[in-house]
Amino acid sequence: MHGVTRAAEAGQLRATEQRRAALRSIQEGPVDVLVIGGGVVGAGVARDAAMRGLRVGLVEQHDFAFGTSSRSSRLLHGGLRYLAQGRVGLVREASVEKKVIHHIAPHLAEPLPFIFPTYRGNRDWVLWQLKIGVKLYDLFCGGRNLGKSTWLRRSEVLQRVPDLGAAGLKGAVRYYDGFTNDARLTLDTLRSAAKGGATVLNYCRFKDASRPGDWVCELEDRLAQSIFRVRARAVVNATGPWAEGLPHSRVKLRLTKGVHLVVERGRVPVTETVVMTQGERILFAIPWGERTLLGTTDTDYRGPLDDVRADATDVSYVLQVTNQFFPTVKLVEADVISLWAGLRPLVADAGGKPSDISRAHEIHNPEPGWWDVAGGKLTTYRLMGEQTVDHIVQGFIGLQFLQGLHGEIGRCRTAEEPLLAAAETSGVSGILPPEFSRAVVEHYVAREWAVHVDDVMVRRTSWHYYLRDAAARAQQVAVWMAELLSWTEAQRAAEIARYSQIGSCPATQKPECSADAKQRHDRPHAPVV
Ligand SMILES: Cc1cc2nc3c(=O)[nH]c(=O)nc-3n(C[C@H](O)[C@H](O)[C@H](O)COP(=O)(O)OP(=O)(O)OC[C@H]3O[C@@H](n4cnc5c(N)ncnc54)[C@H](O)[C@@H]3O)c2cc1C
């Protein structure tokens with residue numbers, strides 16, 4: 001008992017002192033770079049800049065990875081679909097980057113085989129074209145992909161995926177991409193940035209900035225509910241879907257929503273990812289431990305950015321496509337354990353279908369010292385960071401030259417150096433959720449800036465999406481966090497209330513889920529294949 005109390009006190013002291021120190025540090029003198037946005041892109045910029053020896057601050061209005069960077073398909077991919085659209089440069093760039101992430105974060109980049117079946121009469125996806133496509137795909141990875149692509153005869157496809165619809169099946173190609181954990185990639189990149197000297201603050205919102213010389217940025221500490229100012233030589237707007245609305249931003253976005261469903265793996269039994277097509281669009285059934293991820297949708301979005309939810313049409317679309325490709329599984333809404341909805345921050349293109357808009361990124365410098373970085377993909381986040389910091393450094397070098405200064409700015413090392421040592425990620429960061437324990441929660445509070453129950457349940461661990469009894473586990477996490485952070489009973493209750501408000505709550509508790517969900521979820525589990 002004493003041990004627990006001492007550990008709790010240590011955890012609380014560490015977390016509180018860390019935040020105080022971060023607030024002090026970011027206000028001491030100008031930072032070289034202030035990054036706005038703690039998604040994967042902002043994290044990549046902060047890590048790169050810190051590793052080059054620049055003084056870096058990063059602020060995130062909610063929790064780190066709150067936005068799109070915890071709501072993706074979790075794939076590290078060149079994008080076979082983009083190859084079909086002729087976007088060769090984009091595919092080549094992302095293909096190289098997926099290998100780079102495999103090198104710098106092997107715990108978050110698992111080689112994942114994809115089976116892409118083709119059917120008679122489907123003119124959008126023709127087997128012989130796909131066979132050429134996957135070979136090119138391997139070549140773009142610098143000669144060697146995460147695994148070698150092959151093709152499968154009809155019988156071989158059905159052997160590997162017995163539940164796949166057989167009528168009209170011609171065969172398949174089998175190729176490799178990477179499977180990651182988007183929120184963990186963001187958090188581990190931030191941990192790496194912090195090790196490199198960056199000061200990172202969650203629950204800290206950028207409000208406005210003015211520029212008499214350096215930028216003077218007005219920030220709001222949302223935990224203390226106080227306003228303070230930070231001076232910065234360069235500011236990077238890395239706010240993903242929010243980028244257009246930031247003062248000084250010149251970004252123009254077209255936001256599209258994508259929804260993913262999580263079901264028991266026994267309900268959609270796949271051991272390798274299966275590609276499901278709808279015209280030119282593709283959806284995936286991805287094996288994730290004892291679960292299968294199904295998604296995604298791609299529809300224009302104009303709703304609130306802070307509360308993106310799946311609606312009934314999104315869910316029924318994904319279920320309908322899955323049932324079409326796996327005719328015997330007969331999925332219904334009640335099979336959905338959890339779901340998430342995210343926004344693609346695509347660089348604007350008013351016309352055309354959402355799925356046709358380029359996933360390329362853009363970096364702009366609309367005012368001296370202000371950088372907008374927009375678009376792109378999870379897979380290319382490191383490259384986006386490198387290119388953004390290259391631009392900033394070029395600006396600094398010019399200025400130093402004019403002022404006769406000769407400070408050393410290092411070269412980019414983010415593609416070579418691992419994010420973290422294996423000992424720093426073991427048991428706390430991976431593609432699958434960690435074991436449910438007090439020890440890991442202590443770690444997230446003391447070392448990964450977790451301050452709310454949902455920080456732990458959703459982004460640090462994915463327990464929220466993975467566990468059937470997530471609501472009960474959240475109660476336990478709240479008890480542990482109350483001890484670690486000295487919450488009152490009222491604060492603990494408020495945390496539970498806050499957690500239950502999250503859209504995409506597990507089916508057994510979420511209000512938007514159908515009434516028979518609980519009954520269905522209480523039945524015996526189907527075996528995992
Ligand atoms: C459905 C879907 C599936 C996807 N699948 C894949 C995939 O499989 N592979 C892949 O490579 N890519 C994928 N992507 C794309 C990828 O997820 C995104 O490109 C990437 O996560 C965007 O990261 P970001 O940092 O730009 O934005 P975000 O993660 O949204 O981060 C921006 C952050 O800025 C913060 N912010 C906003 N305003 C302020 C402010 N005023 N002050 C402080 N902070 C602020 C926000 O709270 C937010 O956390 C997918 C996207 C979607 C939607």
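1. Of the 39 residues around the ligand, those that come nearest are Gly37, Gly39, Gly67, Gly240 and Gly258, where a residue is near a molecule if its C-beta atom, placed from the backbone, lies within 6 Å of it. Two or more residues of this shell come from each of H2, strand S8 (204-210) and strand S16 (338-347), and S16 gives the most, with four residues. Helices (H or I, at least four residues) and strands (E, at least two) are DSSP runs, numbered from the N terminus.

2. Before going further, please keep in mind that this is a predicted model, in which local features need pLDDT of at least 70 and side-chain atom pairs count only at pLDDT 80 or more, whereas totals for chains, interfaces and linings use all residues. Residues are numbered from 1 along each chain as its sequence is written.

3. By residue class, the shell around the ligand divides into 14 nonpolar, 19 polar and six charged residues; here Ala, Val, Leu, Ile, Met, Phe, Trp, Tyr, Cys and Pro count as nonpolar, Asp, Glu, Lys and Arg as charged, and the others, Gly among them, as polar. The shell draws at least three residues from each of domain 1 (16-68 + 184-252 + 359-403) and domain 2 (75-180 + 254-351), with the domain bounds coming from an automatic or database domain assignment.

4. For the chain as a whole, there are 16 helices and 18 strands, and buried residues make up 49% of the 529 residues. A residue is buried if 20 or more other C-beta atoms lie within 10 Å of its own, exposed if 12 or fewer, and partly exposed in between, with C-beta atoms placed from the backbone. Among contacts between residues at least 6 apart in sequence, 73% join residues at least 24 apart, two residues being in contact if their C-beta atoms, placed from the backbone, lie within 7 Å.

5. The largest nonpolar core has 148 residues, and those with the most contacts inside it are Val33, Val35, Ala46, Val56, Val235 and Val236. Helix H2 (residues 40-51) gives the most to this core, with eight residues. A nonpolar core is a set of buried Ala, Val, Leu, Ile, Met, Phe, Trp, Tyr and Cys residues joined through C-beta atoms within 7 Å. Leaving aside neighbours within four places in sequence, Val236 is in contact with Val33, Val35, Ile36, Val45, Trp371, Val373 and Thr388.

6. Which residue of S18 is the bridge partner of Val236? The partner is Trp371, and strand S10 (residues 226-237) pairs with S18 in the parallel sense over three bridges, where two strands pair if DSSP finds at least two bridges between them. Strand S17 (residues 361-367) runs antiparallel to S18 and is joined to it by five bridges, with Glu367 standing opposite Trp370. In the hairpin of S17 and S18, which has two residues between the strands, Gly369 takes a positive phi near 80°. Six of the six residues of S18 (residues 370-375) are buried, so this strand is largely enclosed by the rest of the structure.

7. Some backbone geometry deserves a look. Arg74, in the loop between strand S2 (56-59) and strand S3 (75-76), has a positive phi of about 65° although it is not a glycine, and Arg74 counts as buried because it has 25 C-beta neighbours inside 10 Å. Ser462, in the loop between helix H12 (453-460) and helix H13 (463-466), likewise has a positive phi of about 65° without being a glycine, and with 28 C-beta neighbours inside 10 Å Ser462 counts as buried. A cis peptide bond, with omega about 20°, joins Gly295 and Thr296; Thr296 lies in the loop between strand S14 (291-295) and strand S15 (299-300).
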